Amino acid sequence: MPHADPSSFRLPDLRFVAVDLLVPHEKEDQRRTESLAARLSASGLLRNPPIVTPAGSDERFVVLDGANRVSTVRAAGFPHLVVQVVRYDDPGVRLSTWHHALGKVAAEELERALPSIPGLEGHQEDLSHARAVLARREAIAFVERADGGVICLHGGNDLHARNALLNAVVDLYRGKHPYYRVTRDSIEEARSRYPNAAALVVFPHFHPEEILEVALGGARLPAGITRHVVAWRALRINMPLDVMADRNRKLPEKQRWLAEWLAERAAQSAVRFYEESTVLFDE
């Protein structure tokens, strides 16, 4: 594909921001954070910037994608981090849902442990009804088994209570058993890709306002259930970690450096815009 003329496209909004102003909306994945820290240390580069959105007038940013990267640089004591800033009202930003496909052991342990969660009720339902009540947010999730059985999960009187129950459900298997993230709420389709899937945990579709309310309220959604698809996403910026870690340079100076760095990259025709869907094999 030929190099695109940068003047004909809008470059992603890349900025240095103070790490203390970044607010994750989902829990981090400790296993991924540990491996990420090792990769960052070995390469000395941040390949892909986290995606964030402004959160009101208090200069904070809610992290939409990249919670593990933010957690890693925060633990390392970095004062600043390069992020890509997007806005929920941008038509190029789309919020959807990941569902979790579980193996046999995880599925069996989940079903046994669900009754132990205080405030959670589980009812056997047919699939079409479970989908309907979840769409109306009368349920917090449902579990579809490979044998066709469906357990609809209910509980919580408000967003924060329902989120607490969701975290309790996901904590029954997260970090204990592997699971696969899928976009369709169909166990048959999940098994076509992952034949060992014995159950599918189906989550509701969240709205941007809910993401912001949970994050700014100090809570976190379970890891790996929200999916933010961003058009013109910045990848492989390969930002040196020592620039972000430098405490001697203040934020305005780093912003000027970044603007010059981006201009130089564009002038060297090092920026490519891919309009088609892209599959990467080196992540």
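Q: Which ring does the charged end of R181 sit over?
A: The ring of W98, with the charged end 4.8 Å from its centre. A charge sits over a ring when NZ of Lys or CZ of Arg is within 6 Å of the ring centre and within 35 degrees of the ring normal. This is a predicted model, where local features need pLDDT of at least 70, side-chain atom pairs count only at pLDDT 80 or more, and totals for chains, interfaces and linings use all residues. Residues are numbered from 1 along each chain as its sequence is written, and side-chain values use heavy atoms, with hydrogens and water left out.

Q: And R137, which ring does its charged end sit over?
A: The ring of F206, at 5.1 Å from the ring centre.

Q: Aromatic pairs next. How many are there?
A: The count comes to 4 aromatic pairs. The rule takes rings of Phe, Tyr and Trp (its six-membered ring) with centres within 6.5 Å; planes under 30 degrees apart are stacked, over 60 edge-to-face, and the rest tilted.

Q: What is the geometry of Y180 and Y194?
A: They are stacked, 4.0 Å centre to centre with 5° between the planes.

Q: Where do those two sit in the chain?
A: Y180 is in strand β12 (residues 179-182), and Y194 is in the loop between α6 (187-193) and β13 (199-202). They are 14 residues apart, and the pair links distant parts of the chain. Helices (H or I, at least four residues) and strands (E, at least two) are DSSP runs, numbered from the N terminus.

Q: Is Y194 buried or exposed?
A: Y194 counts as buried, at 18% relative accessibility. Y180 is partly exposed at 28%. The cut-offs are under 20% relative accessible area for buried, over 50% for exposed, and partly exposed in between (1.4 Å probe, protein chains only).

Q: What about W257 and W261?
A: They form a stacked pair, 6.2 Å centre to centre and 15° between the planes. Both are in helix α9 (residues 251-267), and they are 4 residues apart, so about one helical turn separates them. W257 is partly exposed at 24% relative accessible area. W261 is buried at 16%.

Q: Helix packing. At what angle do α5 and α7 cross?
A: At roughly 80°, with the axes coming within 11 Å. α5 spans residues 159-170 and α7 spans residues 208-216. The two are therefore roughly perpendicular to each other. Axes are lines fitted to C-alpha atoms, for helices over the stretch in contact, and angles run from 0 to 180 degrees between N-to-C directions. Under 35 degrees is roughly parallel, over 145 roughly antiparallel, 65 to 115 roughly perpendicular, and the rest oblique.

Q: Which residues meet there?
A: L159, H160 and N163 in α5 meet E210, E213 and V214 in α7. By class, this contact has 2 nonpolar, 2 polar and 2 charged residues. Ala, Val, Leu, Ile, Met, Phe, Trp, Tyr, Cys and Pro are nonpolar, Asp, Glu, Lys and Arg are charged, and the others, Gly among them, are polar. Contact means heavy atoms within 4.5 Å.

Q: Now A55. What is it in contact with?
A: Leaving aside neighbours within four places in sequence, A55 is in contact with R60, F61, V62 and L216. A55 lies in strand β4 (residues 51-55). A55 counts as buried, at 5% relative accessibility.

Q: And what does H154 contact?
A: With neighbours within four places left aside, H154 is in contact with G119, L120, E121, H123, E138 and A139. H154 lies in strand β11 (residues 150-154) and is buried at 17% relative accessible area. The C-alpha atoms of H154 and A245 are 45 Å apart.

Q: What is phi of R236 near?
A: Near 55°, a positive value in a residue other than glycine. Most residues other than glycine have a negative phi. R236 lies in the loop between β14 (226-230) and β15 (239-240) and is partly exposed at 38%.

Q: And phi of S269?
A: Phi of S269 is near 55°. S269 lies in the segment after α9 and is partly exposed at 32%.

Q: Last one, K176: buried or exposed?
A: Exposed, with a relative accessible area of 55%. K176 is in the loop between α5 and β12.
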